[in-house]
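Subject: Structure for you to look at, with notes

Dear colleague,

I am handing over the structure we spoke about, and below it you will find my notes on what came out of it. Please read them with the structure open beside you.

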Amino acid sequence: MSVAVRVIPCLDVDQGRVVKGVNFTGLVDAGDPVELARRYDGEWADELTFLDVTASSSDRETTYDVVRGTADQVFIPLTVGGGVRGPEDVDRLLRAGADKVSLNTAAISDPGLLETASRRFGAQCVVLSVDARRVPSGGTETSSGFEVTTHGGRRGTGICAVEWAARAERLGVGEILLNSMDADGTKEGFDLEMIRAVRAAVRVPLIASGGAGSAEHFAPAVHAGADAVLAASVFHFGELTIEEVKNAMRAEGITVR
Amino acid sequence: MPRVVVLDYGSGNLRSAERALEHAGARVEVTDDHRAAMEADGLVVPGVGAFSACMRGLLEVGGDKLVDRRLADDRPVLGICVGMQILFERGVEHGVAAEGVGRWPGAVERLRAEVLPHMGWNTVSAPSGSVLFAGMTPETRFYFVHSFAARGWGDAGTASEQRRSVWAEHGEPFLAAVEDGPLMATQFHPEKSGAAGSALLRNWLETL
């Protein structure tokens with residue numbers, strides 16, 4: 001008996017519509033987040049993550065509608081992130097039906113936000129999302145060699161990614177979503193070294209993200225210390241199914257649902 | 001169609017509980033109105049976050065008295081997550097004990113596990129004759145998210161005759177669910193446990 005490693009598809013949502021191409025057969029509306037969520041639920045996805053990429057905050061109302069619509073029909077955990085600036089945003093998303101809210105850039109500018117959110121809503125619903133990369137040559141050295149980035153990985157902050165994760169845990173977050181900006185989009189596998197480094201520094205669950213290209217890529221991330229694995233494009237473009245990923249992990253002795 | 005009240009005392013994702021119960025076949029009202037909560041066929045006590053904060057919220061709406069009055073009449077109550085934890089005598093967080101509703105003996109304490117919170121889908125071992133888990137296989141998984149749990153029945157030793165203990169394990173064994181006559185509770189979230197959770201809620205609704 002042990003808790004199963006979670007496989008989490010991530011959907012990018014822009015003004016209420018799923019973007020970044022979806023290639024499922026038989027979908028009435030491939031851009032409808034609710035229909036996709038239902039589809040992933042049917043494929044035994046263990047959780048869902050929505051990343052709100054809506055640029056203008058005035059268009060963000062649509063995100064709440066999407067969260068409500070999904071929570072009303074899909075009964076697995078739902079994490080929502082992207083553009084979350086303060087406790088009021090967290091509150092609204094939770095009320096709309098999100099189970100967890102992930103914070104990223106806003107927490108970098110104001111780490112106290114993590115503590116405030118954790119105290120007010122409970123650690124179990126506060127996720128720190130870290131976009132990290134190896135410090136490029138000429139950049140500010142960090143003790144782990146990894147740094148936190150902003151702007152989709154384009155800007156370094158000089159903050160050590162491992163220390164940041166450990167600090168967030170002390171501030172009360174219940175989970176860490178670690179995105180490797182170096183591996184992201186390469187489809188060459190997860191950044192195992194980065195996963196190991198963060199795993200060694202925190203006790204909260206760790207979700208590994210970035211770099212998945214084949215079903216065989218997931219087990220090494222788990223062996224490196226991830227409690228959950230997240231991927232976007234390989235699922236949306238139909239290159240991999242949740243089941244294929246779980247079968248490959250099961251073959252490596254990993255417990256999956 | 002059974003009528004269920006989800007007790008609204010400012011804790012948790014009530015929308016999910018409401019919708020999942022509707023999906024399982026109940027007519028649901030989310031309220032802290034005592035009359036509605038007494039008249040309903042079933043009362044659900046949800047809860048997330050800290051034990052002490054939940055307990056405060058519960059006392060503010062008189063939820064403890066509601067639970068007592070319903071049980072005195074043999075009327076079903078279902079606690080979920082921290083809504084289960086507060087049914088015990090006390091919760092211990094960071095060395096400080098907070099008093100619970102005290103329907104069950106023992107304390108809710110931090111689990112001794114490498115990774116906390118215990119977050120994800122886990123199996124449970126239910127005794128034969130279980131109501132909530134009727135028709136389910138041992139491989140069935142439910143969604144947990146918690147760091148604290150009742151790790152036993154305290155000084156009372158084993159469960160009493162009528163109390164059924166359902167165990168799960170994360171670092172160490174803990175109570176994943178309890179069936180005690182009209183009072184039942186789950187440490188996991190049936191409203192977030194997909195088809196398995198829906199089946200469990202249907203099993204509970206059938207007792208109403």
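This is a predicted model: local features need pLDDT of at least 70, side-chain atom pairs count only at pLDDT 80 or more; totals for chains, interfaces and linings use all residues.

The largest nonpolar core has 81 residues, and the members that touch the most other members are A:Leu114, A:Phe218, A:Phe235 and A:Met249. Helix H6 of chain A, residues 161–171, supplies the largest share of this core, namely six residues. If you centre the view on A:Met249 and leave aside its neighbours within four places in sequence, you will find it in contact with A:Val5, A:Val7, A:Phe218, A:Ala219, A:Val222, A:Val229, A:Ile254 and A:Val256. Apart from this core lies another one, of 69 residues, which includes B:Val6, B:Val77, B:Ile80 and B:Phe142. As general background, nonpolar side chains in soluble globular proteins tend to be buried together.

Still in chain A, helix H3 (residues 87–96) has as its buried residues A:Val90, A:Asp91, A:Leu93, A:Leu94 and A:Ala96. These buried residues pack against helix H2 (61–73), strand E4 (78–81), strand E5 (100–103) and helix H5 (112–121) of chain A, and also against helix H1 (14–23) of chain B. Just after this helix, A:Gly97 takes a positive phi of about 125 degrees.

An unreviewed UniProt entry places the feature "active site" at B:Cys81, B:His189 and B:Glu191. These residues span 111 residues in sequence, yet no two of their C-alpha atoms are more than 10.7 Å apart, so they gather at one spot. B:His189 lies in the loop between strand E13 (183–186) and helix H6 (194–206) of chain B, and B:Glu191 lies in the loop between E13 and H6 of chain B as well.

Are B:His189 and B:Glu191 buried or exposed? With buried meaning under 20% relative accessible area, B:His189 counts as buried at 8%, and B:Glu191 is likewise buried, with a relative accessible area of 8%. The side chain of B:Glu191 makes a polar contact with the side chain of B:His189, at 2.9 Å. Leaving aside neighbours within four places in sequence, B:His189 is in contact with B:Val48, B:Ile80, B:Cys81, B:Tyr143 and B:Val145, so that list includes B:Cys81, which the UniProt entry also names. On the same terms, B:Glu191 is in contact with B:Ser16, B:Ala17, B:Ala20, B:Ile80 and B:Leu201, and with A:Phe75 from chain A.Chain B also holds an open sheet of four strands, in the order E6-E5-E7-E10, with mixed pairing. Its edge strands are E6 (96–99) and E10 (148–150) of chain B, each of which pairs on one side only. On average, and with direction ignored, neighbouring strands of this sheet are turned by 25 degrees against each other. Strand E5 (residues 88–93) of chain B runs parallel to E7(B) and is joined to it by three bridges; within that pairing, B:Gly91 has B:Val108 of E7(B) as its bridge partner. Strand E7 (residues 104–110) of chain B pairs with E10(B) in the antiparallel sense over three bridges, and B:Arg110 stands opposite B:Phe148 in E10(B). Five of the seven residues of E7(B) are buried, so this strand is largely enclosed by the rest of the structure.

Finally, a few backbone details deserve a look. Most residues other than glycine have a negative phi, and most peptide bonds are trans. A cis peptide bond, with omega at about 0 degrees, joins B:Leu116 and B:Pro117, and B:Pro117 is found in the loop between E7 and strand E8 (118–123) of chain B. A:Gln15, although not a glycine, has a positive phi of about 50 degrees; its place is in the loop between strand E1 (6–14) and strand E2 (17–19) of chain A, and at 45% relative accessibility A:Gln15 counts as partly exposed. B:Asp74 is also not a glycine and has a positive phi of about 60 degrees; B:Asp74 lies in the loop between helix H4 (63–72) and strand E4 (77–80) of chain B, where it is exposed, with a relative accessible area of 57%.

With best wishes

Terms used. Residues are numbered from 1 along each chain as its sequence is written. Chains are lettered from A and ligands numbered from 1 in the order in which they are written. Side-chain values use heavy atoms; hydrogens and water are left out. UniProt positions are given in the numbering used here, feature names are shortened, and annotations may be inferred rather than shown by experiment. Helices (H or I, at least four residues) and strands (E, at least two) are DSSP runs, numbered from the N terminus. Buried means under 20% relative accessible area, exposed over 50%, partly exposed in between (1.4 Å probe, protein chains only). Contact means heavy atoms within 4.5 Å. A polar contact is a pair of N or O atoms within 3.5 Å; within protein, one must be able to donate a hydrogen and the other to accept it, and residues adjacent in sequence count only if both atoms are side-chain atoms. Two strands pair if DSSP finds at least two bridges between them. Axes are lines fitted to C-alpha atoms, for helices over the stretch in contact, and angles run from 0 to 180 degrees between N-to-C directions. A nonpolar core is a set of buried Ala, Val, Leu, Ile, Met, Phe, Trp, Tyr and Cys residues joined through side-chain atoms within 4.5 Å.
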